[in-house]
Amino acid sequence: MATRANLPTSMIPLEQLTQDAPSRIDSAATIAELDAIEAETVGKRSPVNEARRGLGAIEDPAERGATGKAINDIANELADLISAKRVVLEAGAMERLLQADKVDVTLRGRVPQRGTHHIIQQTMDEIVDIFVGLGYQMVEGPEAETDFYNFTALNFHETHPSRLESDTLYLDYGDVDENILLRTHTSPMQARHMEKHEPPVYIVVPGKVFRSDAIDATHLPVFHQIEGLAVDDNITFADLKGTLEEFARQFFGRGTKVKFIPHYFPFTEPSAEMHAYTQGKWIELLGCGMVNPAVFEHVGYDPAALSGFAFGMGAERMAMVRHGITDLRTMIDPDVRTLEQYR
Ligand code: DAH
């Protein structure tokens, strides 16, 4: 420091300071440490201030002036060193903050375990969606059903074998007029809906159905169906064929061929099974037919003025055909590895 030579001998602490302070400032590791050094060297109780207070005692104005300047030079020089060091320490602190805050955008995110709809639900949703796209409305009905809606309104004869306890699960509701049972198909909603709504009717009914069957590769006591019903003033068998063919093409692929084979259902006349040619063979997909006038009579519709078609299909069956599954029990296998195959 150039000004040291001018210092009077009474200012030895200041002289000492000019020797020690620069290296102390330089080695300050933190801003707090630097603050302490600043207070000690140029602050209120520092040797610098001490020296300034001593100035009054110097009588010769020229000497007082020179000493004051010397003190100021030292003070300024130290202050400069301190502020330069402060800049360095602050930059370091900022750098550490940035480091601590650093986000590695190339790291793989934590992907939450995501659930999915069961294959049966997916299949029902997809089938309903196709019909909704064709202008149908989705409705649902009760699983505990009366004998009337499940059988009688659908033109099942009093002695039809489906009514037997060997086929149908009856519920014990005690002393009630009518037999209550677990619906064996989704068809009862045909009657329930027509009773409450004026034609035209275009509905699909997804839901659970129940039968008195033991579990094996082709039977489950609980499974799912999607029922469909279209009633209007001039519905023909051509409408049935066109609609169900379009459905099969949307569900299995544009090129899918279908054929209709005569069958019998009490609530449709004529009735048919629709088969589709997929994966190299003909497979039965669903039952269908023109609504039997007897059903219209049960719900108060005029069979002379109206016609309609109905169809019913099994959700499990549709899923199995689509995925090439051969054992119905796959559908109720709770093993996650089974379920994950059909995400
Ligand atoms: N309910 C019938 C069953 O469970 C399926 C069915 C066949 C529904 C023909 C219909 C139909 O609406 O027209 O086997």
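Let's start with helix α2, residues 31-42. Helices are DSSP runs of H or I with at least four residues, strands are runs of E with at least two, and both are numbered from the N terminus.

A quick note on what we're looking at: this is a predicted model, where local features need pLDDT of at least 70, side-chain atom pairs count only at pLDDT 80 or more, and totals for chains, interfaces and linings use all residues. Residues are numbered from 1 along each chain as its sequence is written, and side-chain values use heavy atoms, with hydrogens and water left out.

Back to α2. Which of its residues are buried? They are Leu 34, Ile 37 and Thr 41, where buried means under 20% relative accessible area with a 1.4 Å probe, protein chains only. Down the axis of α2, the buried residues fall within an arc of 60°, so they line one face of the helix. That arc is taken from the directions from the helix axis to the C-beta atoms. Remember that an α-helix has 3.6 residues a turn, so residues three or four places apart point the same way.

On a 1 Å grid over the protein atoms alone, a cavity is a set of points where a 1.4 Å probe fits but cannot get out; a pocket is an open set with protein on both sides within 12 Å along at least five of seven lines; and lining residues have an atom within 4 Å of a point.

The whole structure has one cavity of 30 Å³ or more. The largest cavity holds about 40 Å³, and its lining includes His 118, Met 331 and Tyr 342.

The largest pocket holds about 1200 Å³ of space. Its lining has 49 residues, and Arg 211, Phe 223, Gln 225, Glu 284 and Arg 317 lie nearest the centre. Which element gives the most to this lining? Strand β9 does, with seven residues.

Finally, the second largest pocket has a volume of about 200 Å³. Of its 13 lining residues, those closest to the centre are Arg 114, Thr 116, Val 336, Glu 340 and Arg 343. Here α11 gives the most, with three residues.

Key:
Buried < 20%, exposed > 50% of the residue type's maximum accessible area, 1.4 Å probe, protein only. Points joined across faces, edges and corners; volume = space filled by probe spheres on them.
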